[in-house]
Amino acid sequence: EIEMPAYLFAEIDVTDPEGYESYRAGARAATEAYGGRVIARSAQSTVVEGDGVGTHCVIIQFEDMTALTAWYDSEEYAEPKAIRFRTAVSRFVAVEGV
């Protein structure tokens with residue numbers, strides 16, 4: 001089986017901007033620890049079709065879906081994830097690349 005890169009697409013509606021800053025620092029370190037690389041980030045996205053969750057969008061590339069899942073379920077990301085749950089409403093979607 002050929003390993004394909006995996007991408008995490010995140011839509012985020014920040015409800016507590018000050019608290020969310022703590023998430024960003026912790027999430028960045030955890031993402032880098034698992035080989036994740038931010039390839040797109042914007043605080044001003046535009047919904048072209050359908051309902052969007054928020055204005056902040058991020059796309060992160062991982063080596064493969066195994067690495068993405070390991071990051072999401074990791075000890076390193078657990079605390080930042082809990083902060084995000086308290087400070088934002090978000091939707092994360094993981095897809096394999098080609």
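Select Trp 71 to begin. Setting aside neighbours within four places in sequence, Trp 71 is in contact with Leu 8, Ala 27, Ala 30, Thr 31, Tyr 34, Phe 62, Tyr 77 and Phe 92. Keep in mind that this is a predicted model.

Now show the whole helix H2, residues 65-72. Which residues of H2 are buried? They are Ala 67, Leu 68 and Trp 71. Look down the axis of H2: the buried residues fall within an arc of 100 degrees, so they line one face of the helix. An α-helix has 3.6 residues a turn, so residues three or four places apart point the same way.

What covers that buried face?

Widen the view to the largest nonpolar core, which has 18 residues. Select Ile 12, Tyr 20, Tyr 23, Phe 62, Trp 71 and Tyr 77, the members that touch the most others. At least two core residues come from each of S1, H1 (17-33), S3 (56-62), H2 and H3 (75-87). Which element gives the largest share? S1 does, with five residues.

Finish on strand S1, residues 6-14, and pick Glu 11. Is Glu 11 buried or exposed? Its relative accessibility is 5%, so Glu 11 counts as buried; the cut-off for buried is under 20%. A polar contact of 2.5 Å links its side chain to that of Glu 11.

Key: Residues numbered from 1 in each chain as written. Predicted model: local features only at pLDDT ≥ 70, side-chain atom pairs only at ≥ 80, totals over all residues. Heavy atoms only, no water. Helix = DSSP H or I, 4+ residues; strand = E, 2+ residues; numbered from the N terminus. Buried < 20%, exposed > 50% of the residue type's maximum accessible area, 1.4 Å probe, protein only. Polar contact = N/O pair within 3.5 Å; in protein donor to acceptor, adjacent residues only side chain to side chain. Core = buried A, V, L, I, M, F, W, Y, C linked by side-chain atoms within 4.5 Å. Contact = heavy atoms within 4.5 Å. Arc of directions from axis to C-beta.
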